[in-house]
Amino acid sequence: MAKSRKTKRSQRRRGKLFYLALTLVILGEAAFIIVLFLPGYVSRLATPSQVQAELNTTVITNYMLSTLINPYNNSLVNATALGLINNTKPILMYLTVNDPYLIDESCNIWPILYNATQYHNYNVIIVVFPNPLTQAPATLSVIQQFDSYVYELCNFNPTSTRFIVTTAFWGNYTYGSQVLIVGYGTLLPQLLTKLGINASRVYFPLLIVIKPYNTVEASGIIYGPQLTNSTYLSETLFALPRNG
């Protein structure tokens, strides 16, 4: 059924207001990113075709954690206050898209993530991207739809847990000609390449195991058949040394 012109105009206005609000917030917080990661680092991170030697996996991981967005207030997550930067507790970072097929195929991950927070002292971060992927992060309505899919398809309620539910820019966020925030579409391939992993073979959903002090190893990149194997996940994740 076709939508009325009034409805379409109203939706366009709401969309413009969302991105205007997001732009104002991000511009206000971009100074934090620039200070935390010197402009030279931001410039190098923004270059997808070249992964410079001085940009190690810890720098890239720190940047990824520092540019997560809280979808409930459209502001950057305070990663330092949450203990995600120079972490003493291990982190599980689950990257996925708002796709009911992928959600249904990976229902086994939710009990694993729940056990990780409840019994094994992990921080769990859920990073949801819109489907299809866009430059912009997921809106609150997309996050809410994602939660509904997980509840309906997997009989699990992410909002009833201690998970940190977030989103992020996939494309680089620019203002004029300056890159203010480097998107995950650039960061993730750089991280994988640094770990010796062929980024073109990695796909969503994806679990990144971040050991204390933002240490990531190739064995901590889990996707595909390994991600849907609950026995493998339990043996791998819960046998890791844990601190905190």
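Five strands make an open sheet, in the order 5-4-3-8-9, with mixed pairing. Strands here are DSSP runs of E, at least two residues, and helices are runs of H or I, at least four residues, numbered from the N terminus. Two strands pair if DSSP finds at least two bridges between them.

A word on the source. This is a predicted model, where local features need pLDDT of at least 70 and side-chain atom pairs count only at 80 or more, while totals for chains, interfaces and linings use all residues. Residues count from 1 along each chain as its sequence is written, and side-chain values use heavy atoms, without hydrogens and water.

Strand 8 (206-210) runs antiparallel to strand 9, over three bridges. Leu 206 has Tyr 223 as its bridge partner in strand 9.

Helix 6 (140-154) packs on this sheet, touching strand 3 (91-97), strand 4 (123-129) and strand 5. Touching means heavy atoms within 4.5 Å. The direction of helix 6 makes about 115° with that of strand 4. Angles run from 0 to 180 degrees between N-to-C directions, with axes fitted to C-alpha atoms, for helices over the stretch in contact.

Now the disulfide (cysteine sulfur atoms within 2.5 Å). Cys 107 joins Cys 154, S to S 2.0 Å. The link is left-handed, at -75° about the S-S bond. What does the pair tie together? Cys 107 sits in the loop between helix 4 (100-105) and helix 5 (109-119), and Cys 154 in helix 6, so parts 47 residues apart in sequence are tied together.
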